[in-house]
Amino acid sequence: MSQPPQNAFAADVNQWSDIPGWFHWREGQQEAVEVFGEGSTFVEVGSYLGRSLCSLADVVRASGRDFTVVGVDTCRGSGEEGLANENAHGPAVEFGGGTFAGLLHRNVIACGFADDVHVFISSSPKAADFFVDGSLAWVHLDARHDYDSVAADVDAWLPKVKAGGWLSGDDYDELLWPGVVAAVRDRLPGAQGWLTAQWRWLKP
Ligand SMILES: C[S@@+](CC[C@H](N)C(=O)[O-])C[C@H]1O[C@@H](n2cnc3c(N)ncnc32)[C@H](O)[C@@H]1O
């Protein structure tokens, strides 16, 4: 996705699809609310401005079932990465004076999920420490995409997923994000491609 102009960050938000982002795994969110039992917890690691996170909350609400939705983000962006060394989140960080936490929270509230979505401002591996091992039904990784970061994310969140749960992630694309593919292959040989450019590992 190309970067929106700075003033786009202040544009009105009424629903998840109004929020800038790169999200394209809504089918996976719909599958999750069908597969997992009520009371399950879903964690998204890397929420940016809340597009995918608010979609998840929307899918949960539409299901009429009770799930806990948590989004984890430093709110300071991923820095330069990818083939073009693009600082894709930089304009949002700058817009917010060094953090886009305010924009993310505003978007969650604007979508009507103030009481349903829990935003955890933290680095990914540190946030994982706050969850009990085997307590999470689904953790979806979409934070920084270099090999070491993805490997660290997998290592941190893997023990937190319950038996029968999912650990998954975005940008499973050999050409665009070779670090993601290599880290997932090394850490989770049983992981498979899922949906469009996602990977998923089912915990035995
Ligand atoms: C690709 S964006 C997430 C996009 C979002 N899931 C969407 O679809 O709209 C990656 C996000 O990961 C966050 N991030 C990068 N490294 C992180 C880390 N170590 N811990 C937590 N968040 C991180 C960045 O701040 C950024 O918001």
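Which residues in H1 meet which residues in H2? Arg-26, Gln-29, Gln-30 and Val-33 in H1 meet Ser-52, Ser-55, Leu-56, Asp-58, Val-59, Val-60 and Ser-63 in H2. Contact means heavy atoms within 4.5 Å. By class, this contact has four nonpolar, five polar and two charged residues. Here Ala, Val, Leu, Ile, Met, Phe, Trp, Tyr, Cys and Pro count as nonpolar, Asp, Glu, Lys and Arg as charged, and the others, Gly among them, as polar.

This is a predicted model, where local features need pLDDT of at least 70, side-chain atom pairs count only at pLDDT 80 or more, and totals for chains, interfaces and linings use all residues. Residues are numbered from 1 along each chain as its sequence is written, and side-chain values use heavy atoms, without hydrogens and water.

| Pair | Angle | Axis distance |
|---|---|---|
| H1 (residues 26-35) and H2 (residues 51-63) | about 40° | 9 Å |

Axes are lines fitted to C-alpha atoms, for helices over the stretch in contact, and angles run from 0 to 180 degrees between N-to-C directions. Helices (H or I, at least four residues) and strands (E, at least two) are DSSP runs, numbered from the N terminus.

Asp-66 lies in the loop between H2 and strand S2 (68-73). Leaving out residues up to four places away in sequence, Asp-66 touches Glu-38, Gly-39 and Ser-40.

Helix H4 (residues 101-110) has buried residues Ala-101, Leu-103, Leu-104, Asn-107 and Val-108. Buried means under 20% relative accessible area (1.4 Å probe, protein chains only). These residues pack against H2, helix H3 (90-95) and strand S3 (117-121). Gly-112 follows H4, with a positive phi near 90°.

Note on methods:
Buried < 20%, exposed > 50% of the residue type's maximum accessible area, 1.4 Å probe, protein only.
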